[in-house]
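Try each task before you read its solution.

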Amino acid sequence: MNRLRYAFYPGCTAHASARDYTRSTYATFQALGIELEEVPDWCCCGSTAVSNVDPLLGMALCARNLALAESTGLDLAVTCNACYANLAPTLEAYREERRVRDRLQRVLDAVDRHLEGEIAVKHGVHILTRDLGLPRVEEHVRRPLDGLKVVPYYGCLLSRPRNPYEDPENPTSLDELLCVLGAEVLPFERKTKCCGGSFMNTKEEVALRLTFEILEEARERGAHVIVAACPLCQLNLDAYRAKLRARFGTYHDTPVLYFTQVVGLALGLDRNDLAIGQSFVPADRVLGLR
């Protein structure tokens, strides 16, 4: 099988609050024979905010990044759910809606860029489960996660509004990935419920309630670890435990790891290479169960 290669769109958090996600992504993908090349001169995709204020600006930011990625000749890999939820629909609209294509191409002309629309946008979860394939992942497992009980947390944007690899309301790719690693995947009704996202900055009470409900179900299920696939989801679920205890009277000590860290552990990679230990809630205790 040829070595898989992708242009990598890191998004705004990859070199800041989610450096542990980025580090573990490069380490784990490399161990699986997947090459990532960061898109040169990329810019913010607009996250979840810009498209609500100025839809054309939000799509223009994505179109520029897609054009830069397409110029590499590689498909585009992303590991942030918000980035995926912006880039993939923009690409789809560019291909299928002549009016959108014309408007965005005028914007791209102004910055001397062109987009054919022949690139594909893929989340890291689907690169492992679909492009590489679960059997290939399983072949690389050197330290099965026997005894580790996990709940997969997809967040609200990985499978919505559309994702060719997932049922919008009941995605399963992350479940399947964790199963081949040897972990015990527990049922998790809130696996696609919103964590509050950016509301943590503007409507904290709303976001804290949503986050509490997700953590509470994970605790009730008996999960040792919550496995996330998005830097903002991981941050919301990990960073506000003291506020949640003050607000709701319950302290949740379930750590939240990125799927790239969990896969890397099963591959036998060193915890330091996976940047485990940089989150607010330590995972060492539960990982020591194995």
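**Exercise 1.** How many bridges join strand β1 (residues 4–9) to strand β2 (residues 34–38)?

Before the solution, a word on the source: this is a predicted model, in which local features need pLDDT of at least 70, side-chain atom pairs count only at pLDDT 80 or more, and totals for chains, interfaces and linings use all residues. Residues are numbered from 1 along each chain as its sequence is written, and side-chain values use heavy atoms, with hydrogens and water left out.

*Solution.* 
- Strands are DSSP runs of E with at least two residues, helices are runs of H or I with at least four, and both are numbered from the N terminus.
- Two strands pair if DSSP finds at least two bridges between them; β1 and β2 run parallel and are joined by five.
- One place to look is Ala7, whose bridge partner in β2 is Glu37.

**Exercise 2.** Explain why helix α7 (residues 173–180) is largely enclosed.

*Solution.* 
- Buried means under 20% relative accessible area, exposed over 50%, and partly exposed in between (1.4 Å probe, protein chains only).
- Six of the eight residues in α7 are buried, so the rest of the structure largely encloses this helix.
- Those buried residues are Ser173, Leu174, Asp175, Leu177, Leu178 and Val180.
- Just after α7, Gly182 has a positive phi of about 100 degrees.
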